[in-house]
Amino acid sequence: MDRRQQKTRSAIFKAFNKLLEEKHFNNITVQEILDEANVGRSTFYSHFETKDELLKEMCTDIFDHIFSHELHSETSHDFSLSDHGLQEKITHLLYHLKDNKGNVIGILSGESGELFMRYFKEYLITMFEQYPKSVRTDVPRDFALNHLVGSLAEAVKWWIGTKMEMPPEELADNYLKLIGYN
């Protein structure tokens, strides 16, 4: 992707993020995204076939960063010197969700919530697979992964519903206690 395409894609993401802070995903039209990003319809459709695909790409960009193997120092948190254990990984994830809570709440508030959660759970499976000690071996592996992913996803939804009042470290610690992770 050349610079011009990257700049256009970035403008579309920025416009979409701004609109998500103002209204629910279902109420956002492609025309509003075009107007906010100051791009033409054909330009938008050369990057994304649908608004859902835009959401998927935005989630992929967010999750690729959140779930990367390297944890870097960031504005709201710094796990760059940590041992990159499961607790740090979950806490890092929670900080990113909190830092982007306007977008996350906008996405989760409508039909897009199911789509977001599906992508989120796919990344969570990959994350838990990186920590074999988190997956019980006395039950079928796919059953154990489904439980870990589902319970963390529901904990995140609960946390968002409480306006993220609990600090990310505390939520991660409570979750790990519940699943019996040492």
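**View 1. Helix α5 against helix α7.** Leu86, Lys89, Ile90, Leu93 and Leu97 in α5 meet Phe116, Phe120, Leu124, Met127 and Phe128 in α7, where contact means heavy atoms within 4.5 Å. The model is predicted: local features need pLDDT of at least 70, side-chain atom pairs count only at pLDDT 80 or more, and totals for chains, interfaces and linings use all residues. Residues are numbered from 1 along each chain as its sequence is written, and side-chain values use heavy atoms, leaving out hydrogens and water. By class, the residues of the contact of α5 with α7 are 9 nonpolar, no polar and 1 charged (nonpolar: Ala, Val, Leu, Ile, Met, Phe, Trp, Tyr, Cys and Pro; charged: Asp, Glu, Lys and Arg; polar: the others, Gly among them). Two packed helices are described by the angle between their axes and the distance between the axes. For α5 (residues 86-99) and α7 (residues 112-129), the axes come within 12 Å and cross at roughly 160°. α5 is therefore roughly antiparallel to α7 (angles over 145 degrees count as roughly antiparallel, under 35 as roughly parallel, 65 to 115 as roughly perpendicular, and the rest as oblique). Axes are lines fitted to C-alpha atoms, for helices over the stretch in contact, and angles run from 0 to 180 degrees between N-to-C directions.

**View 2. The largest nonpolar core.** This core has 56 residues, of which Phe16, Ile90, Phe120, Phe128 and Leu152 touch the most other members. Two or more residues each come from α1 (3-22), α2 (30-37), α4 (51-66), α5, α6 (101-108), α7, α8 (141-161) and α9 (168-178). A nonpolar core is a set of buried Ala, Val, Leu, Ile, Met, Phe, Trp, Tyr and Cys residues joined through side-chain atoms within 4.5 Å. Buried means under 20% relative accessible area, exposed over 50%, and partly exposed in between (1.4 Å probe, protein chains only). Of the 182 residues in the protein, 42% are buried. The secondary structure comes to 9 helices and 0 strands (DSSP runs numbered from the N terminus: helices H or I, at least four residues; strands E, at least two).

**View 3. Helix α8 against helix α9.** On the α8 side the contact involves Leu148, Ser151, Leu152, Ala155, Trp158 and Trp159, which meet Pro168, Leu171 and Tyr175 in α9. The residues of this contact are 8 nonpolar, 1 polar and no charged. The two axes come within 11 Å and cross at roughly 145°, and the crossing is right-handed.

**View 4. Lysine 163 and methionine 164 in the loop between α8 and α9.** Most residues other than glycine have a negative phi. Phi of lysine 163 is positive, near 60°, and methionine 164 has a positive phi of about 55°. Lysine 163 is exposed, with a relative accessible area of 63%, whereas methionine 164 is buried, at 3% relative accessibility.

View 5. Histidine 47 counts as buried at 18% relative accessibility. Leaving aside neighbours within four places in sequence, histidine 47 is in contact with Gln5, Thr8, Arg9, Ile12 and Glu53. Threonine 8 is 39 residues from histidine 47 in sequence, with 8.8 Å between their C-alpha atoms.

**View 6. Phenylalanine 25 in the loop between α1 and α2.** Phenylalanine 25 is buried, with a relative accessible area of 3%. The C-alpha atoms of phenylalanine 25 and isoleucine 105 are separated by 9.7 Å, although the two residues are 80 apart along the chain. Among contacts in the protein between residues at least 6 apart in sequence, 59% join residues at least 24 apart.

Note on methods:
Left-handed = near helix turned anticlockwise from the far one by under 90°.
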